[in-house]
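Subject: Structure for you to look at

Hello,

Here is the structure I promised to pass on. Please open it next to this email and follow along.

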Number of protein chains: 2
Amino acid sequence: MAGNSVTFQHWKDQCFNKCDFSKKGSVDEDISHIVSFINSHDRYFTTSSCSGRIILFDGAWDCQEVQKQNCSWLFVTHQKCHSEDVLASLEKSVGDTTFKFEPFVLHVQCKQLEDAQLLHTVAVNSGFRNSGITVGKKGKIMMAIRSTHCLEVPVSHKGTVLITDKYLDFLVRVSNQKMEENLKRIERFYECLQTALQPQEPRCTLKETADKKPVYRRRRKRTKDDSATDCCQAIKDHKESSEEETDCNLLFLS
Amino acid sequence: MAGNSVTFQHWKDQCFNKCDFSKKGSVDEDISHIVSFINSHDRYFTTSSCSGRIILFDGAWDCQEVQKQNCSWLFVTHQKCHSEDVLASLEKSVGDTTFKFEPFVLHVQCKQLEDAQLLHTVAVNSGFRNSGITVGKKGKIMMAIRSTHCLEVPVSHKGTVLITDKYLDFLVRVSNQKMEENLKRIERFYECLQTALQPQEPRCTLKETADKKPVYRRRRKRTKDDSATDCCQAIKDHKESSEEETDCNLLFLS
């Protein structure tokens with residue numbers, strides 16, 4: 001069922017040879033070390049990523065994914081932000097605008113199911129409770145690292161702002177707090193990942209990884225603790241959210 | 001890796017013999033036919049479910065999952081609602097209150113990985129883009145059907161309401177629209193499920209299913225179309241959300 005070594009390496013090479021189709025066109029700064037670390041392993045490669053963001057987008061409430069290109073992005077940041085900047089962007093609203101905090105999301109193609117299981121355990125243990133594995137018909141094994149840590153607030157309707165400046169200021173404070181918590185989880189995930197996977201070469205950028213064709217080494221045998229989580233008894237001390245996967249770093253579309 | 005027939009049936013029997021640990025203590029009306037249909041198949045059983053809900057809960061913004069019992073639920077409905085009822089509940093706020101729409105979520109234990117793959121395809125094709133598979137260390141294969149269709153709005157801080165009645169009225173309208181869309185997706189999921197899995201016996205309630213020990217028949221061989229979705233090329237015309245899994249119908253905790 002799982003792709004063999006040749007097929008997996010072919011997919012990985014193909015991925016690195018493709019363009020980054022995301023709006024941003026590069027890996028977000030706060031997670032570039034994680035993306036590089038994963039891509040330095042012969043059993044994994046990342047296909048899309050977003051470190052987390054605060055956004056304002058203009059569109060209909062029922063704006064569907066296919067119509068997303070018709071939605072207008074009024075404000076996007078991958079860092080904490082100031083309410084004045086959000087407020088200035090909100091003034092450009094002409095439709096139904098939503099203020100959102102979207103947490104870290106990462107899609108990783110895995111060589112075999114056990115590799116995905118290991119990554120799933122690491123993700124859930126780090127607080128990313130909505131993570132899950134997908135097995136495609138061609139044997140592609142994909143792990144989505146997702147959080148339930150969300151904020152989604154309608155702030156204008158048909159161009160008319162529905163909230164006060166003071167309330168927007170409060171929303172920005174809440175989303176900045178969520179951004180901070182998100183970064184903590186990302187670092188927790190990275191630490192767990194380092195424990196679970198032996199580093200294989202000095203860290204380098206994604207571009208360097210693609211250019212250098214690194215010499216991959218075998219992943220260390222997983223310990224009992226690494227694989228100790230059955231998702232249904234996953235740790236219960238984290239709350240997180242959902243996100244779209246097509247906006248930050250998307251290297252692999254087929 | 002996957003549990004054999006005896007183990008899976010043992011887990012299924014064990015599940016039906018357990019109490020429903022959810023707050024509500026029963027399967028939500030709008031999805032009871034889906035839960036029964038799935039439980040009538042020998043390769044699947046549901047372990048938790050929620051048809052979707054509109055809630056007001058009181059707690060700290062950083063209220064973690066482990067502290068959830070300390071959060072106070074001011075308002076919960078699995079149907080569309082009236083703003084007057086939400087408003088009356090909001091008056092009871094003493095902490096930081098959040099207004100949320102949470103969509104359909106369903107956890108299904110599957111006999112083998114290919115069964116989970118089939119269910120995953122059905123889920124993604126029906127618009128549940130955040131669905132994913134979990135493989136536990138004891139070989140339990142779990143499919144989580146999740147949506148990205150969310151609304152999460154802070155509405156009070158330290159007992160002080162932050163929004164106007166008019167804005168709350170608007171939020172209720174938006175969440176009622178989301179509830180309608182959620183029901184459409186649930187029905188789409190049920191229709192796809194019926195196409196993918198041959199009905200095995202007349203539909204019955206979960207309790208009847210548990211009592212009767214139904215005669216299971218083999219699932220029909222999947223057609224090419226049934227399994228045609230690789231998640232990464234999943235349909236892009238749906239947008240959905242995230243949720244916690246412990247509140248509506250939770251039959252299976254270990």
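**What I found**

K158(B) is exposed, because its relative accessible area is 65%, and exposed means over 50%. Please keep in mind that this is a predicted model.

Stay with K158(B) for a moment. Where does K158(B) sit? Its place is the loop between β6 (151–157) and β7 (160–161) of chain B. The backbone there deserves a look. K158(B) has a positive phi of about 50 degrees, although it is not a glycine.

Now go to chain A. K158(A) lies in the loop between β6 (151–157) and β7 (160–161) of chain A. Its phi is near 50 degrees, a positive value in a residue other than glycine. Is K158(A) buried or exposed? K158(A) counts as exposed, because its relative accessibility is 65%.

**Chain A in outline**

How many helices and strands does chain A have? There are 6 helices and 8 strands. Trace them from the N terminus and you get α-α-β-β-α-β-α-β-β-β-β-α-α-β. Chain A has 254 residues, and 62% of them count as buried. Next, take the contacts in chain A between residues at least 6 apart in sequence. Of these, 79% join residues at least 24 apart.

D58(A) gives you an example to click on. This residue lies in strand β1 (residues 44–59) of chain A. D58(A) counts as buried, because its relative accessibility is 5% and the limit for buried is under 20%. What does D58(A) touch, not counting residues up to four places away in sequence? Its partners are C71(A), S72(A), L74(A), S93(A), V94(A), G95(A), D96(A), T97(A) and S156(A). D58(A) and H157(A) are 99 residues apart in sequence. In space, their C-alpha atoms are 9.4 Å apart.

Find helix α3 (residues 83–90) and helix α5 (residues 165–196). Their axes come within 9 Å and cross at roughly 125 degrees. α3(A) and α5(A) are therefore oblique to each other. The crossing of α3(A) with α5(A) is right-handed. From α3(A), the contact uses S83(A), V86(A), L87(A) and L90(A). From α5(A), it uses D165(A), L168(A), D169(A) and V172(A). Sorted by class, the residues of this contact are 5 nonpolar, 1 polar and 2 charged.

On the α3(B) side you will find S83(B), V86(B), L87(B) and L90(B). They meet D165(B), L168(B), D169(B) and V172(B) in α5(B). The classes in this contact are 5 nonpolar, 1 polar and 2 charged residues.

Zoom in on S83(B), which lies in helix α3 of chain B. S83(B) counts as buried, because its relative accessibility is 11%. Leave out residues up to four places away in sequence, and S83(B) touches L168(B), D169(B) and V172(B).

**The nonpolar cores**

Some background first. In soluble globular proteins, nonpolar side chains tend to be buried together.

Which residues have the most contacts inside the largest nonpolar core? They are I145(A), F189(A), I145(B) and F189(B). This core has 58 residues. Select F189(B) and set aside its neighbours within four places in sequence. F189(B) is then in contact with I34(B), F104(B), L106(B), L119(B), V122(B), A123(B), S126(B), F128(B) and I145(B). There is also a second, separate core of 40 residues. It includes F101(A), V153(A), F170(A) and L168(B).

**One last residue**

Finish with L118(B), in helix α4 (residues 113–125) of chain B. Is L118(B) buried or exposed? L118(B) is buried, because its relative accessible area is 1%. Now find L197(B), which is 79 residues from L118(B) along the chain. The C-alpha atoms of L118(B) and L197(B) are separated by 9.2 Å.

Best wishes

Terms used
Residues numbered from 1 in each chain as written. Chains lettered and ligands numbered in written order. Predicted model: local features only at pLDDT ≥ 70, side-chain atom pairs only at ≥ 80, totals over all residues. Heavy atoms only, no water. Contact = heavy atoms within 4.5 Å. Helix = DSSP H or I, 4+ residues; strand = E, 2+ residues; numbered from the N terminus. Nonpolar A, V, L, I, M, F, W, Y, C, P; charged D, E, K, R; others polar. Core = buried A, V, L, I, M, F, W, Y, C linked by side-chain atoms within 4.5 Å. Buried < 20%, exposed > 50% of the residue type's maximum accessible area, 1.4 Å probe, protein only. Axes fitted to C-alpha atoms, helices over the stretch in contact; angles between N-to-C directions. Parallel < 35°, antiparallel > 145°, perpendicular 65-115°, else oblique. Left-handed = near helix turned anticlockwise from the far one by under 90°.
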